[in-house]
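I opened the model to look up a few local features. These are my notes, entry by entry.

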Amino acid sequence: MSLKQTNEIDIVPITKSKIDSVDFDNIAFGNIFTDYMLICDFKDGSWKKPQIKPYEPFMIDPSAKVFHYGQAIFEGMKAYKDENDDVWLFRPDENFKRFNKSAVRMAMPEVPEAIFIDGLKTIIDLDRNWVKKGLGNTLYLRPFMIAIGSGVIAQPSTQYRFMIILSPAKSYYSGEVKVIIAEHYSRAANGGIGAAKAAGNYSAQFYPTKLANDKGYQQIIWTDDATHTKLEEAGTMNVFFRINDTLYTAPTSERILDGVTRKSLIELAEREGLDVQIRSVLVDELVNAAKDGSLKEIFGAGTAAVVSPISAFAYQDIEYALPKIENSFALQLKDKLTKIQYKLADDTFGWTVKI
């Protein structure tokens with residue numbers, strides 16, 4: 001695919017790169033940031049000219065709406081470097097569309113393509129040395145928008161700030177992941193903001209996730225808010241279940257995020273001739289499959305983790321271990337997806353965009 005690029009961005013150059021101070025072999029996810037950041041404000045009913053400048057803190061009014069009413073959204077994306085030192089994006093149009101869907105749901109202004117897409121391409125080009133070659137090495141991209149208008153009256157802001165920051169990254173999760181099925185807490189509810197990448201969705205997960213961590217589990221498989229009988233997402237990821245040789249994943253809804261990795265894995269699985277069923281999976285169905293041996297795999301799917309196999313799940317204080325199998329669907333699909341992202345296999349879908 002091809003995307004337009006304009007030169008309508010002011011660039012303030014750095015005086016000296018900090019890249020030489022970074023140990024790229026030992027970086028924790030999301031803790032190190034590149035030389036540049038993009039910033040663009042919405043004021044008086046329109047977007048102003050974006051600026052790319054050295055990464056630095058900025059001042060904001062203590063009464064800014066983001067602090068008091070949580071108007072904040074974001075996207076998670078990655079850039080990849082191939083063996084020829086070319087840098088690529090993966091399906092940025094999908095993130096752009098989802099970002100603006102989130103903006104509409106949160107009563108925030110939509111960001112023009114010339115700011116979001118061209119801004120991404122320009123800042124990544126400036127920071128391309130931060131994208132390292134090799135499978136597992138990526139540059140994590142965080143476009144986000146916050147309400148910066150002042151005043152504590154409970155109404156939408158009239159001023160907003162769109163930004164892009166970049167962070168070199170390796171794998172998000174390491175080691176085996178065990179999960180606990182939610183019986184009380186919910187990630188989202190019908191009519192709520194579960195389908196938006198709103199900051200509040202993630203902060204609301206922190207406490208129940210801490211309770212799971214205290215029991216020795218890394219994440220939670222969320223269930224529907226009304227009955228807690230339908231399996232929906234795993235932590236911050238979409239989730240897949242393999243029962244016998246059929247792959248199941250819940251349909252997107254007001255409660256379930258339309259994940260870019262999720263839809264890519266579905267298309268890859270269908271291309272490979274796997275049986276993929278998009279429907280709700282019940283907790284009882286999963287437990288029974290674990291008991292009779294037909295449950296083969298559970299794995300999460302998301303931008304940060306890509307594919308994260310789950311080794312066990314717990315429900316009503318009983319833990320069910322997943323079998324260790326060769327040629328798992330999770331690892332097969334992850335291999336095929338990452339090879340497309342790193343340009344090690346033909347992109348027959350037209351998903352990748354060269355910087």
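I am working from a predicted model, in which local features need pLDDT of at least 70 and side-chain atom pairs count only at pLDDT 80 or more, while totals for chains, interfaces and linings use all residues. Residues are numbered from 1 along each chain as its sequence is written, and side-chain values use heavy atoms, with hydrogens and water left out.

**Salt bridges.** I searched the whole structure and got 22 salt bridges (a side-chain nitrogen of Lys or Arg within 4 Å of a carboxyl oxygen of Asp or Glu).

I looked at E94 and R91 and found their side chains joined in a salt bridge, N to O 3.7 Å. I checked burial for this pair: E94 and R91 are both buried (buried is under 20% relative accessible area, exposed is over 50%, and partly exposed is in between, with a 1.4 Å probe and protein chains only).

I looked next at R279, which forms a salt bridge with E285; the closest N and O atoms are 2.7 Å apart. R279 has a relative accessible area of 31%, so I list it as partly exposed. E285 is at 24% and is therefore partly exposed too.

The last pair I looked up was D335 and K339, whose side chains meet in a salt bridge at 3.4 Å, N to O. Both sit in helix α7 (residues 329–341), and because they are 4 residues apart there, about one helical turn separates them. For the numbering of elements, helices (H or I, at least four residues) and strands (E, at least two) are DSSP runs, counted from the N terminus. D335 is partly exposed at 35% relative accessibility, and K339 is partly exposed at 33%.

I also noted a network: R91, E94, K97, D258, K263 and E267 are joined into one by salt bridges that share partners.

**Helix pair.** I took helix α2 (residues 92–105) and helix α3 (residues 113–126), which pack at an angle of about 140 degrees with their axes 11 Å apart. Axes are lines fitted to C-alpha atoms, for helices over the stretch in contact, and angles run from 0 to 180 degrees between N-to-C directions. I therefore record α2 and α3 as oblique to each other (under 35 degrees is roughly parallel, over 145 roughly antiparallel, 65 to 115 roughly perpendicular, and the rest oblique).

Which residues meet here? In α2 they are P92, N95, F96 and F99, and in α3 they are E113, F116 and I117 (contact means heavy atoms within 4.5 Å). I sorted the residues of this contact into 5 nonpolar, 1 polar and 1 charged. The classes are Ala, Val, Leu, Ile, Met, Phe, Trp, Tyr, Cys and Pro as nonpolar, Asp, Glu, Lys and Arg as charged, and the others, Gly among them, as polar.

**Loop residues.** I looked up D85, which has a positive phi of about 70 degrees although it is not a glycine. D85 lies in the loop between β6 (77–81) and β7 (87–90), and is partly exposed at 40% relative accessibility.

Q316 is not a glycine and has a positive phi near 50 degrees. I found Q316 in the loop between β18 (306–315) and β19 (318–321); its relative accessible area of 48% makes it partly exposed.

My last entry is T348, in the loop between α7 and β20 (352–354). T348 is exposed, with a relative accessible area of 58%. I get 29 Å between the C-alpha atoms of T348 and A234, which are 114 residues apart along the chain.
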